[in-house]
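Please keep the sequence and the coordinates in view while reading.

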Amino acid sequence: MNCLEKKLVKGMVLGVFAGWLLTGCSSGYSLVGVEGGRIAITDKYDRNPDPEALSILKPYQQKVDSIMSPVIGHSAKDMRSYRPESPLSNWIADVLRQAASKANGKPADVAVMNMGGIRNAMPEGEITYGTIYEIAPFENALCVLTMDGATLKELFTEIAAVHGEGLSGASLKIDKEGNLLEAKVNGRPIEPNKLYTVATIDYLAEGNDRMMAFRKAKSKTLPKDALLRTLLMDAVRQCEQKGQFVSAQVEGRIKVSASN
């Protein structure tokens with residue numbers, strides 16, 4: 001590890017302490033200069049760890065491990081996310097829909113989770129707190145929206161255009177070019193004027209990740225204490241309490257057909 005790299009590691013740790021101190025009091029220090037450079041983050045730091053950097057990080061690593069290591073459940077198989085449909089994206093979308101149903105006191109019709117928000121796979125075997133943090137590292141929260149059928153179809157058209165997202169409660173048929181050929185909710189054709197309850201995360205509810213139709217929702221609520229990460233952990237624990245393994249399948253929720 002060269003001098004600049006050592007300074008980077010030390011700076012990251014010291015920066016945390018500086019942040020804590022500066023939030024509570026004012027210091028007499030002021031910035032006099034910035035030193036920087038391009039450092040490629042590769043596996044060389046794992047293969048050749050710097051002893052001095054390790055000694056700085058060790059107490060914090062022990063604390064993190066003590067929090068992230070406890071086992072909360074088990075997975076029946078390795079589950080990953082991929083388009084147009086995957087076991088992991090199906091499971092997360094199902095968890096969102098179930099949580100929205102519980103929060104609203106009535107069944108939610110649809111749930112949507114973006115593939116880009118799923119940051120890691122679910123390994124077969126033990127599921128720890130760390131497993132869930134790696135899958136859902138962002139502070140995303142459940143959001144429940146009311147949308148009419150016409151707007152919901154617009155959303156499905158946007159999902160088709162990127163060749164699929166995590167989906168629950170609905171089925172889509174798309175072509176290889178990303179055109180929406182057919183969309184159903186709970187096995188039935190979408191009624192343009194009917195109101196549907198849609199669960200997603202707050203990030204998507206703002207129209208991010210090319211899901212602009214969410215901005216046209218007629219109503220939007222954020223249930224209290226409903227971080228996605230917490231919902232996933234609760235779902236894992238519930239399976240464990242029942243003596244069940246977490247599992248999900250590809251079910252044909254999004255089918256890709258030949259172009260017309």
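Of the 260 residues of the protein, 38% count as buried, where buried means under 20% relative accessible area, exposed over 50% and partly exposed in between, computed with a 1.4 Å probe on protein chains only. The model is predicted, and for that reason local features need pLDDT of at least 70 and side-chain atom pairs count only at pLDDT 80 or more, whereas totals for chains, interfaces and linings use all residues. Residues are numbered from 1 along each chain as its sequence is written, and side-chain values use heavy atoms, with hydrogens and water left out.

The protein has eight helices and 11 strands; these are DSSP runs numbered from the N terminus, helices being H or I with at least four residues and strands E with at least two. Among the contacts with a separation of 6 or more, 79% are accounted for by residues 24 or more positions apart, a contact being heavy atoms within 4.5 Å.

Two strands pair if DSSP finds at least two bridges between them. Strands of a sheet pair through backbone hydrogen bonds, either parallel or antiparallel.

The pairings can be followed strand by strand. Two bridges join β2 to β9, which run parallel, and Ala111 stands opposite Ala199 in β9. Seven bridges join β4 to β9 in an antiparallel arrangement, with Thr146 opposite Thr197 in β9. Strand β4 (residues 142-148) is also joined to β10 by three bridges, again antiparallel, and here Leu145 stands opposite Lys220 in β10. Six of the seven residues of β9 are buried, so this strand is largely enclosed by the rest of the structure.

A further open sheet is formed by four strands in the order β8-β7-β6-β11, with mixed pairing. Its edge strands are β8 (188-189) and β11 (254-257), each of which pairs on one side only. Four bridges join strand β6 (residues 170-175) to β11, and these two run parallel; the bridge partner of Asp175 in β11 is Ser257. Helix α6 (residues 149-161) packs on this sheet, touching β6 and β7 (180-185), and its direction makes about 130 degrees with that of β7.

Which residues does Leu180 touch, not counting residues up to four places away in sequence? They are Lys153, Phe156, Thr157, Ala160, Leu172, Lys173 and Ile174. Leu180 is found in strand β7 and counts as buried because its relative accessibility is 18%. Leu180 and Val256 are 76 residues apart in sequence, yet 9.5 Å apart in space, C-alpha to C-alpha.

A pocket is an open set of points, on a 1 Å grid over the protein atoms alone, where a 1.4 Å probe fits, with protein on both sides within 12 Å along at least five of seven lines; lining residues have an atom within 4 Å of a point. The second largest pocket has a volume of about 280 Å³, a volume being the space filled by probe spheres set on the points, which are joined across faces, edges and corners. Of the 14 lining residues, the closest to the centre of this pocket are Ala99, Lys102, Leu231, Asp234 and Gln238.

The peptide bond from Arg83 to Pro84 is cis, with omega near 5 degrees, and Pro84 is found in the loop between β1 (71-75) and α4. Asn186, in the loop between β7 and β8, has a positive phi of about 55 degrees although it is not a glycine. Asn186 is partly exposed, with a relative accessible area of 47%.

Notes: Axes fitted to C-alpha atoms, helices over the stretch in contact; angles between N-to-C directions.
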